[in-house]
Amino acid sequence: MTLNDELLTQLGDSGVDQIAGMLGTDPATARKVVEAVAGTVLGGMARNAEHPDGAEALRAALDVHVDTDPFNGDVASLTRDGHSILGHVLGGQGTERAAAGLSQLACVSPGTIMKLLPLIAPMVMSLLANRVTKAHMDASALAVHLRREHDALPGALGGLLDGLLGGIFGGAVPPQGGPYDPADRQPARGAPNHDW
């Protein structure tokens with residue numbers, strides 16, 4: 001089961017219906033949008049993990065999210081955590097660019113996608129944290145796992161997200177590292193903040 005499948009299972013029909021209401025669309029489209037949003041977050045993590053320091057920093061950050069339950073948390077704290085995650089993974093401008101690209105896929109406003117991104121990011125982080133912990137993955141295994149998750153995306157979506165992430169990250173993967181600070185809840189501006 002891919003992490004996207006697991007995410008949709010955890011959301012259930014009621015969660016997908018709520019997202020459909022937020023997007024102003026039908027549940028089938030909402031599922032596709034959730035898959036694209038989660039794929040963007042995972043793809044950003046995979047890009048970060050291509051650099052060993054980035055993989056180590058992400059692996060350490062995942063420990064903070066083990067046994068959390070973002071599927072039943074309050075929206076305000078979930079959104080704060082989500083903005084922090086997105087700031088690390090995509091950066092402030094990268095998150096805005098991702099929202100603009102995903103809005104074309106979903107035919108909804110970028111502002112609506114900007115509300116969805118920070119809700120989905122902690123869910124992805126929690127599911128990935130639990131998976132990594134159960135499998136005793138180290139940083140290098142995590143990097144491989146993220147690449148497999150990205151490769152498992154449907155072809156058209158995978159191609160779209162490759163273009164989107166390529167626009168955000170460019171060709172080079174910057175050096176990363178540093179401790180994750182759970183108190184760091186501010187959305188980053190500009191480039192991704194790799195100091196988790």
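Let's start in helix H7. Asp151 forms a salt bridge with Arg147, with the closest N and O atoms 4.0 Å apart. By salt bridge I mean a side-chain nitrogen of Lys or Arg within 4 Å of a carboxyl oxygen of Asp or Glu. Both residues lie in H7, four residues apart, about one turn of the helix. Helices here are DSSP runs of H or I, at least four residues, numbered from the N terminus.

A word on the basis. This is a predicted model: local features need pLDDT of at least 70, side-chain atom pairs count only at pLDDT 80 or more, and totals for chains, interfaces and linings use all residues. Residues are numbered from 1 along each chain as its sequence is written, and side-chain values use heavy atoms, with hydrogens and water left out.

How exposed is Asp151? Asp151 has a relative accessible area of 53%, so it counts as exposed (over 50%; buried is under 20%, partly exposed in between, with a 1.4 Å probe and protein chains only). Arg147 is partly exposed at 32%.

Arg147 has another partner. Arg147 also forms a salt bridge with Glu50, and here the closest N and O atoms are 3.2 Å apart. That pair links distant parts of the chain, 97 residues apart: Arg147 sits in H7 (residues 139–151), Glu50 in the loop between H2 (27–49) and H3 (52–64). Glu50 is partly exposed, at 45%.

Next, helix H3. Which residue does Arg59 pair with? Arg59 meets Asp63 in a salt bridge, 2.9 Å from N to O. Both are in H3, four residues apart, about one turn. Arg59 counts as buried at 16% relative accessibility. Asp63, at 46%, is partly exposed.

Elsewhere, Glu6, Arg131 and Glu149 are linked in a network of salt bridges. The search of the whole structure finds six salt bridges.

Now the helix packing. The axes of H2 and H4 (residues 75–89) come within 9 Å and cross at roughly 45°. Axes are lines fitted to C-alpha atoms over the stretch in contact, and angles run from 0 to 180 degrees between N-to-C directions. So H2 is oblique to H4 (under 35 degrees is roughly parallel, over 145 roughly antiparallel, 65 to 115 roughly perpendicular, the rest oblique).

Who makes the contact, meaning heavy atoms within 4.5 Å? From H2, Val41, Gly44, Met45 and Asn48; from H4, Ile85, Leu86, His88 and Val89.

Methods
Helix = DSSP H or I, 4+ residues; strand = E, 2+ residues; numbered from the N terminus. Contact = heavy atoms within 4.5 Å.
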